[in-house]
Amino acid sequence: MAKVLVAVGYMAVILIIGFLSAKRVKTADSFAVANKEIPFWTNVYSMASAQIGAGATMGVASMVYAYGLSGMSLGIGAALGAILSGLVFARKIREANVTTIPELIRNNLGSKVASIISALTIFAIFGVLAAQIRSLGTILQIFIPSLSLPASCIIMSTIMLLYAVVGGMVAATRTDKLNITIMILTVMVFIPIIALSRVGGFQGIVDSIDPQYLTLTNMGLPAMISMMMYFGLSGMVNNENFLRICGAKNAREARGATLTAALVIYLPYMLFCGVIGLVGVVLIPQLGTSDSIIPAMIDFTTGNLSGAFLLAGLLAAVMGTAASVAMVTAVTFSRDVVKRLRPAMNDKQTLLVQRVSLIAFTVLGIVVAVFGGSIVGIMEDVGAPSGAALTPLFCGIFFWKKVNPTGAVITIIVAVISTLTWWAFGSPYISHFLFGLACSTITMIIACNATYKKGAVVNVSNS
Amino acid sequence: MLVILDYVVIGGGICIAAFLLFNMAKETFGKKR
């Protein structure tokens, strides 16, 4: 009962913040990127909160729980991707002054390429949204074990929708502060202290754990490389981060905030999740699914009331990611699909389309979440074709002048076909993402060299 | 040797959390420019 009360109390706080923030939202632009004046640390928190969704919190701990130290490759890959995103891209993205990846593509490669990329990214972000809804439902089930998965998914999505629709990005960045504060305290302070003292410190882990968990290649090198590349690259070319980079005051702050979020929050956070997973191997050896090791550890190491509070923190972190992913899906759809079909739409109509599509995508997300295989499975399978197509093109736009519309279209087609084909064959040897990425990168180099016309005006936005 | 790692992990966590929370609190509740 105490757990449920804490959960309800937490949800109420989230909703109130959303409603209070709603007064500030007046135009479609402020709904999307919070008026492009998000203060530095607020943006740092917001970026870290977007990165620390179900993927980092539950994924890294789950991998370490299942494979030992080698499972950290997921966390290290994701953190490296986030750091590279700050070092290489943040400044350029903010200087380009656009809100979504398709918008950037349109300015550089024209509307045709942008439309194809839009359709692709919407599918990818939608996959993430469905995975987040599934995570939200799974966590709520720990609060109320008698609840079915569909019911808990619907309850959590409704709450997420309410504050995202009413408050938009302003509400998301405000609740991010609360979410990330609870998560940092839980994962970096409370759980490590309690768990390490229960297990007898690292000496206690070494003494009682199976030695293979302490080797660095227990998972197998191909699987480790695949995972590092997948999470690294999808962390680098990432719509959620894109929206937040565009919300920064200027290019310098965008770069600084991205790097700070990656180095000071994301990387240490991943390491702490790994420690929790490793202690979990010793403390809770018989866990049904490795995915639930973080909530299980919270439940195991804390009392009823404090445990409920910390579980609310976990719920909060996933909620933050889910809300911003839902926001990005809606913004991308309204700007890059609907506005292209109906260019005469005014500001008020755009805002309405954004809100309606937000609800529609969330409802679809619930369906996929309930019927999909697993949290990570939903994300990877849906995201791979988009990632394989986007990564080389994204690098090309900023660093290679020969990238042109015709070459880009060929690259996208090859990326999608090769990824799906490899997936259909059961992804032998390497993951379908890596296979698609290799094919699309080679294709981009050959196709863009072949179709490049010297003197043709392509880069209109960078002039 | 491993005892040092215990202290690094616990101390590091507390320091990072304190640093982040301090900066956030300063920006949220501090004087507006």
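View 1. Contact joins 16 residues of chain B to 22 residues of chain A (C-beta atoms, placed from the backbone, within 7 Å). Residues are numbered from 1 along each chain as written, and chains are lettered from A in the order written. The model is predicted, with local features needing pLDDT of at least 70 and side-chain atom pairs pLDDT 80 or more, while totals for chains, interfaces and linings use all residues.

**View 2. Chain B on its own.** Chain B has 1 helix and 0 strands (DSSP runs, H or I of at least four residues for helices, E of at least two for strands, numbered from the N terminus). Its C-alpha trace spans about 50 × 10 × 5 Å along the principal axes. Of its 33 residues, 12% are buried (20 or more other C-beta atoms within 10 Å of the residue's own, C-beta atoms being placed from the backbone).

**View 3. Helix α12(A) packed on α1(B).** Residues 251-283 of chain A and 2-29 of chain B form the two helices. Their axes lie 11 Å apart, at about 145 degrees (lines fitted to C-alpha atoms over the stretch in contact; angles from 0 to 180 degrees between N-to-C directions). Val264(A), Ile265(A), Pro268(A), Phe272(A) and Val275(A) meet Val9(B), Gly13(B), Ile16(B) and Leu20(B).

**View 4. Helix α17(A) and the residue after it.** Buried positions in α17(A) include Gly407(A), Thr411(A), Val414(A), Ser418(A) and Trp422(A). Just past the helix, Gly426(A) has a positive phi of about 85 degrees.

Methods
Contact = placed C-beta atoms within 7 Å.
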